[in-house]
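This briefing takes up backbone geometry, nonpolar cores and salt bridges in turn. Please keep the sequence and the structure at hand while reading.

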Amino acid sequence: MYKRLLSICLAYCGIAAVLTACSDYNEAVETYTLTVTLAFPEGSEGGKDGIRVELKSIGHDALFVDSTDAEGKAHFLIIPGIYEASSSATRKEGTNSVIILNGNSGQIIVENQPQQSAIINLHVSKTSQVIIKEIYNGGILKDDGKSFALDKSFILYNNANSTVRLDNLCVGIASPYNSQSNNSWYGDDGKLVYESKNYIPALDGIWFFPQTLSIEPFQQIVVCVHGAIDNTLTYPQSVNYAHADYYCMYDPETGYNNTSYYPTPSDLIPTSHYLKAIKIGISNAWALSTSSPAIFLFQPQGESPRAFATNVSNMVYTPGAAQTDIFKAAKVPTDWILDGIEVFSAAHTTSNQKRLTPTVDAGYVLLTNQHGHTLYRNVDKESTENLPENEGKLIYGYDADPSGIDAEASIKNGAHIIYMDTNNSSNDFHEREKCSLRIEN
């Protein structure tokens with residue numbers, strides 16, 4: 001109880017003069033108990049106790065954490081406000097298989113009542129052999145103090161010991177572009193209106209690999225989003241994408257033809273490595289947020305990417321907005337989605353809101369942009385250490401990753417890395433000081 005009150009003090013009273021401020025706060029502010037109950041899917045086996053539940057205050061930079069009791073209930077002592085709770089759990093299935101359960105509550109309005117309650121419905125969330133290992137989108141600060149962010153990229157990774165081949169692999173971004181923007185997709189019940197309809201609205205357009213993508217075990221694919229050139233020639237702190245193995249988003253014929261975002265790619269990148277686009281909105285560049293994107297991978301089933309994204313029956317519009325192309329999005333079924341990452345802006349912690357639903361990503365990771373930082377996936381410590389070929393090859397002492405393993409140094413030392421994949425970015429990612437590709441350059 002004391003820890004929860006202290007957390008409230010730190011979040012709402014400020015850091016300065018904490019002892020005095022918190023003493024005054026405890027006497028002056030009424031607190032109420034919120035009980036959050038986990039509802040498990042039918043047939044789910046295993047204990048309900050000891051499961052981590054996070055409660056985020058919307059409009060304040062406050063995060064509260066508790067573990068469930070034997071009845072699957074977590075209890076929070078909080079002040080009135082708007083909150084959102086989330087949780088993840090795992091269940092063994094057979095000898096080697098694990099089921100991931102993710103869920104969130106939607107927005108919870110805590111009013112002046114002594115005892116209040118909320119429910120998190122946990123849903124089975126599938127994992128994928130191909131994951132987003134890293135996303136670099138925030139850019140850098142130039143010598144003149146202005147930002148440069150036309151050098152975005154992400155890295156795909158084969159997180160298993162067998163080759164994977166993917167047809168029609170697509171990339172989308174969820175609406176709205178920024179996590180801190182006004183989000184009209186929330187209904188009166190505090191939930192995203194598309195959660196119950198099992199889709200994610202892909203804004204602006206989608207990109208896809210026109211050929212079968214093959215990734216060898218524990219290998220990666222670099223995809224340049226903007227600026228598929230050696231950016232370090234102009235901005236030394238940026239990233240060099242002039243590499244024959246890299247892929248890039250480049251399809252000016254489709255209407256994404258803003259040359260600031262899409263200079264002619266480096267001659268070293270083969271044209272067979274150019275992704276194709278289907279434009280849905282009106283922009284001349286795919287607007288991957290520099291502060292807080294929600295990006296995801298998906299594979300259309302039973303139809304091509306172009307057939308899916310040009311079918312008017314698959315389109316939806318931002319609630320309350322005019323039904324024009326600027327507010328149009330494609331309804332991507334959640335069953336098609338392989339992986340996703342929800343990024344929140346570290347500069348707008350009081351206004352961030354979720355866009356990806358729990359089956360895709362139950363959490364979020366904060367990004368401080370304009371400083372060359374990147375979002376990097378955490379190492380699955382136990383699984384990585386259990387690989388026999390890693391004996392003597394793992395490098396430790398990297399504090400930003402909860403595992404303590406320096407993945408990039410270990411890879412250079414010949415190790416194979418298995419990354420965390422719980423479909424919860426709060427568990428799966430951390431903010432890294434610089435893009436891993438800069439280490440290679």
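Where is N198 found? N198 is found in the loop between β14 and β15, where helices (H or I, at least four residues) and strands (E, at least two) are DSSP runs numbered from the N terminus. This is a predicted model, in which local features need pLDDT of at least 70 and side-chain atom pairs count only at pLDDT 80 or more, while totals for chains, interfaces and linings use all residues. Residues are numbered from 1 along each chain as its sequence is written, and side-chain values use heavy atoms, with hydrogens and water left out.

**Backbone geometry**

- Most residues other than glycine have a negative phi, and most peptide bonds are trans.
- N198, although not a glycine, has a positive phi of about 60 degrees, and at 49% relative accessibility N198 counts as partly exposed (buried means under 20% relative accessible area, exposed over 50%, partly exposed in between, with a 1.4 Å probe and protein chains only).
- F218 also has a positive phi, near 55 degrees; F218 is placed in the loop between β17 (213–215) and β18 (220–224) and counts as buried at 9% relative accessibility.
- The peptide bond from S175 to P176 is cis, with omega near -5 degrees, and P176 has its place in the loop between β14 (170–173) and β15 (199–203).

**Nonpolar cores**

- The largest nonpolar core has 51 residues, of which F154, L156, M249, W286, I295 and I341 touch the most other members; such a core is a set of buried Ala, Val, Leu, Ile, Met, Phe, Trp, Tyr and Cys residues joined through side-chain atoms within 4.5 Å.
- Apart from that core lies another of 28 residues, among them Y199, I206, V316 and V360.

**Salt bridges**

- The count comes to nine salt bridges, each being a side-chain nitrogen of Lys or Arg within 4 Å of a carboxyl oxygen of Asp or Glu.
- E342 and K354 meet through their side chains in a salt bridge (3.4 Å, N to O); E342 lies in strand β24 (residues 337–345) and K354 in the loop between β24 and β25 (365–367), so the pair ties together parts that are 12 residues apart in sequence.
- E342 also forms a salt bridge with R355, with the closest N and O atoms 2.9 Å apart; E342 is buried at 0% relative accessible area, and R355 is likewise buried at 0%.
- D421 and R377 meet in a salt bridge (3.7 Å, N to O), and D421 lies in the loop between α5 (407–412) and α6 (425–428) whereas R377 lies in strand β26 (residues 374–377), so this pair ties together parts that are 44 residues apart in sequence.
- Salt bridges that share partners join D339, R377, D421 and D428 into one network.
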